[in-house]
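Q: Can you walk me through this structure? I'll ask as I go.

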Amino acid sequence: MSIAAERAVDELKRGRPVIVAGTAEALAVLSVEVATDAALADFDGDGRADLLITDKRAASLKLANQRPAAGMHAVRLARPDWIDAAGAYAIADPVSDLSTPLKGPFRTVPLADEAAAGAALQLVKFGGLLPSVHVRAARAGDDFPRVQVDEVETYRSSGTLAEIGRAKLPVKGAPDARVVAFRSPGGPEHLALLIGDWRPGAQVPPPLTRLHSACLTGDVLGSLKCDCGDQLHAAVAAMTEAGGGVLLYLQQEGRGIGLINKMRAYALQDQGYDTVDANLRLGFEVDERDFGIAAEMLAQLEIPRIRLLTNNPEKVGALGKTGIEVVERVPLVAGHGPLNEAYLATKRDRTGHQF
């Protein structure tokens, strides 16, 4: 893991600037979400800093000239004189679009180093922030922490996950369950819940397995907007009935955008956008999760073949690319109700879920 990338994420979350160095340009960047007027003035005393947003957010602002940047699709906006910290935040956060509809006109600026631009946006995503930064060329006098593009690209990469410990964890529906804790440097912790009496290796049949992304609102608070909590309990019940299984509890809230951004997505859903469009308007991809983490957990648990409990074919394909053999997809239908009917229809129609 890159210490420089770790420090850069922390500095951006604290509202301080960093330098992202590419091959063609070194960019000084400051998170739009947490920047104060004082911090912006220190960062950009001459008013020349631009704004860097994703092409997804640019599309919602009806901007053209969207160019890809290191898989991130970054768009650089020339900064109008009237934009202060609050004005920039209104551009970055679509929740305020209805209350502050008069934005622009904007002029897009060509990216001198697409990889550096993409890495800058990836850093704020790692920090759970809105994917938008104040950006300018780095200057000789800048004493900000510096990170190379390749250090960002390999941050939280596969091969860094480590098992931390194991313990008995009796849960409702599976009193014999055991838990295995994993930690990835710079990333969140993940858990594997082992249910039933089975042993690792190429067992027959392969264990029933569930990749469950953490959902605090559904799993803990019992939200009726989604089916997550009911799916969690139904998965445990199915594994118990099958004689055993493994449930991977992945800290990838909101399809990988984080808890706070998921709350923003909920606010957009209150305005009439579906779950897919809400993520896109925020500037994220439809799904930001990394299923390579699950594959790494399964490999360390010595589970090369699984029966995957999911309605999402994308999980099957993602695991297959990492060397985990999915011998069967087992549907999981639970938690359907009148308050999440539209949400489930969106998953079916727009993300290919098969109920």
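**Backbone, sheet and cores**

A: R255 sits in helix α9, residues 253-256. Helices (H or I, at least four residues) and strands (E, at least two) are DSSP runs, numbered from the N terminus. The model is predicted: local features need pLDDT of at least 70, side-chain atom pairs count only at pLDDT 80 or more, and totals for chains, interfaces and linings use all residues. Residues are numbered from 1 along each chain as its sequence is written, and side-chain values use heavy atoms, with hydrogens and water left out.

Q: What is the phi of R255?
A: R255 has a positive phi of about 55°, and it is not a glycine. Most residues other than glycine have a negative phi.

Q: Is R255 buried or exposed?
A: R255 is buried, at 18% relative accessible area. Buried means under 20% relative accessible area, exposed over 50%, and partly exposed in between (1.4 Å probe, protein chains only).

Q: And what about the phi of E302?
A: E302 is a residue other than glycine with a positive phi, near 60°. E302 lies in the loop between α12 (292-300) and β13.

Q: Switching to the sheet. What is the strand order?
A: The order is β8-β9-β10-β12-β11-β13-β14, an open sheet of 7 strands with mixed pairing. Two strands pair if DSSP finds at least two bridges between them.

Q: Which are the edge strands?
A: β8 (162-168) and β14 (325-330), each of which pairs on one side only. Neighbouring strands of this sheet are turned by 25° against each other on average, direction ignored. For such angles, axes are lines fitted to C-alpha atoms, for helices over the stretch in contact, and angles run from 0 to 180 degrees between N-to-C directions.

Q: How does β12 pair with β10, parallel or antiparallel?
A: Antiparallel, over 6 bridges, with β10 covering residues 189-196. L191 has Y249 of β12 as its bridge partner.

Q: And with β11, parallel or antiparallel?
A: Parallel, also over 6 bridges; β11 is residues 208-213. T209 is opposite V246 in β12, and L211 is opposite L248.

Q: Why is β12 described as largely enclosed?
A: Because 7 of the 7 residues in β12 (244-250) are buried, the strand is largely enclosed by the rest of the structure. G244, V246, L248 and L250 point one way, while G245, L247 and Y249 point the other way.

Q: Which strands does α12 lie across?
A: α12 lies across β8, β9 (178-183), β10, β11, β12 and β13, and it runs at about 140° to β12.

Q: Where is T310?
A: T310 is in the loop between β13 (305-309) and α13 (313-321). T310 has 1% relative accessibility, so it counts as buried. Beyond neighbours within four places in sequence, its contacts (heavy atoms within 4.5 Å) are R210, K315, V316, R329, V330, P331 and L332.

Q: Now the cores. Which residues of the largest nonpolar core touch the most other members?
A: V20, V29, L52, L123, V133 and V147, out of 26 residues. A nonpolar core is a set of buried Ala, Val, Leu, Ile, Met, Phe, Trp, Tyr and Cys residues joined through side-chain atoms within 4.5 Å. Elements supplying at least two residues each include α1 (3-13), β1 (18-21) and α5 (114-126). The largest share, 8 residues, comes from α5.

Q: What does V20 touch?
A: Not counting residues up to four places away in sequence, its contacts include L27, V29, A116, L123 and V147. A second, separate core has 22 residues, among them V180, F291, A294 and L308.

Technical notes: Contact means heavy atoms within 4.5 Å.
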